[in-house]
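Have the structure open and follow along.

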Amino acid sequence: MRFETKVIHGGIDGDVTTGAVSVPIYQTSTYKFIGLEENKGYDYSRAGNPTRSAVEKLIAEMEGGSAGFAFASGMAAITAVLMLFKSGDKILISDNIYGGTYRVLDQIFNHFEIHYEMVDTNNLKEIEILLGPTVKAIIVETPTNPLLGITDIEKLTQFAKENNLLTIIDNTFMTPYLQRPLEMGADIVLHSGTKYLGGHSDLLAGLVVVKEQKLADQLYLIQKSTGGILSPNDSWLLIRGIKTLAVRMDRHQVNSAGLVEFLQAHPLVEHVYYPGLLSHSGHDIQKRQARGFGAIISFVINEKVDIKKFVKAFDIITFGESLGGVESLLTHPETMTHGAIPYELRKKMGISRNLFRLSVGIENVDDLILDIKNAFEAASGQHNYGV
Ligand SMILES: *Cc1c(COP(=O)(O)O)cnc(C)c1O
């Protein structure tokens, strides 16, 4: 089954007992036992629920893994993965990581003496210096958030294997349609299903996929013991979102190409970050390891633009947090997604006041271009720019 078919017919396709085309929402907390120590495979919905099983099987197939786990949010999924570690362990993380992942390590897991260090995940020499018996894993986002740096997954996983590190990849920005890290040697893939997999800005979800049975057993124990599971309703919504993943990603990317071209030509845009650009330092790696460049564009605007006016000047594009929905969404990383990161560190990461991140939706691209053009005019008092 090819990917575009898998998103529609993979996992558990419909319902065998009634023929329903859509997997039913099993809105139940518990299950009737047939007899002593005898049931139909389910005993209590924290441990297992058929609607959740369907989405877990589906994401495992999509990522080329053997087991999937669904959680109530991306952060619940990341937290479950971090529970694989013990006090004294150290985890290396991308230096441009999602703000929530940084926060949970910096402010929650530090109480349990699970340590972290930020690294440039493309600089193996830098990583090598930090290695030691307590360093157990590396968490990578590629592309990074929000500056879209690219890490060579194959090179990194090979290095990690040689040094007994688990490679954990947050694949939220790419989705398995565009990039499948397990097939390139990664041990664990993570998702905020809230973003492209759900795709409609109407649910929160998190997913974890692994290949090895030992990791699957450990994660299942963590999932049923700590209980941060995805509800039957949200599991169903996520399945429904995934069905259109391939067509949505295609359109997201076509629109992104149009917007990148527009932004690059705009005199009030100082810099555009997008791995699809030939000038992007990770362009060749991205071309090799992924099927496309994604639909997140970050850009720095000129100081002449009043950013307070700018964020209020859009008619179509929503100013807010999140990404990956059908609607275009503009984010200000400094005050929103990366607000939890201290100022000095943020500055070092390159997240400045004039940096914006655009999650390109699937609207008509000319409407989006006009919306941005108008916002620049309203916020700079300067006319006749662009298009
Ligand atoms: C949104 C996001 C998360 C967190 O997911 P939630 O569903 O919001 O908890 C983690 N990683 C990345 C890359 C994200 O974009």
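**A guided walk through the fold**

The buried residues of α4 are Gly99, Gly100, Thr101, Tyr102, Val104 and Leu105. Buried here means under 20% relative accessible area, with exposed being over 50% and partly exposed in between (1.4 Å probe, protein chains only). Before going on, note that this is a predicted model, where local features need pLDDT of at least 70, side-chain atom pairs count only at pLDDT 80 or more, and totals for chains, interfaces and linings use all residues. Residues are numbered from 1 along each chain as its sequence is written, and side-chain values use heavy atoms, with hydrogens and water left out. The helix and strand names come from DSSP runs numbered from the N terminus: helices are H or I of at least four residues, strands E of at least two.

So what covers those buried residues of α4? The cover includes α3, β2 (90–94), β3 (115–119), β4 (135–141) and α13 (343–349). Take α3 from that list. Helix α3 (residues 74–82) packs against helix α4 (residues 99–108) at an angle of about 40°, and their axes are 10 Å apart. Axes are lines fitted to C-alpha atoms, for helices over the stretch in contact, and angles run from 0 to 180 degrees between N-to-C directions. α3 and α4 are therefore oblique to each other; angles under 35 degrees count as roughly parallel, over 145 as roughly antiparallel, 65 to 115 as roughly perpendicular and the rest as oblique. On the α3 side, Met75, Ile78, Thr79 and Leu82 make the contact, and on the α4 side Gly100, Thr101, Val104 and Leu105 do. Contact means heavy atoms within 4.5 Å. Sorted by class, the contact of α3 with α4 has 5 nonpolar, 3 polar and no charged residues. The classes are simple: Ala, Val, Leu, Ile, Met, Phe, Trp, Tyr, Cys and Pro count as nonpolar, Asp, Glu, Lys and Arg as charged, and the others, Gly among them, as polar.

Two strands pair if DSSP finds at least two bridges between them.

Now step through some of the strands. β4 and β5 pair in the parallel sense over 5 bridges, and Ile139 has Ile168 in β5 as its bridge partner. Of the 5 residues of β5, 4 are buried, so β5 is largely enclosed by the rest of the structure. Strand β5 (residues 166–170) is joined to β6 by 3 bridges, and the two run parallel; here Asp170 is partnered by Leu190. In strand β6 (residues 188–192), 5 of the 5 residues are buried, so β6 too is largely enclosed by the rest of the structure. Which way do they point? Ile188, Leu190 and Ser192 point one way from β6, Val189 and His191 the other way. β6 is joined to strand β7 (residues 206–210) by 5 bridges, this time antiparallel, and Ile188 has Val210 as its bridge partner in β7.

There is another sheet to visit. Its 5 strands form an open sheet in the order β8-β9-β12-β11-β10, again with mixed pairing. The edges are β8 (269–273) and β10 (318–319), each with a single partner strand, so one side of each is left without a neighbour in the sheet. Strand β9 (residues 296–301) pairs with strand β12 (residues 355–359) in the antiparallel sense over 5 bridges, and Ser298 stands opposite Arg357 in β12. Helix α10 (residues 245–265) lies across β8, β9 and β12, running at about 10° to β9.

Finally, α10 has a helix partner. The axes of α10 and helix α14 (residues 365–380) come within 9 Å and cross at roughly 30°. That makes α10 roughly parallel to α14.
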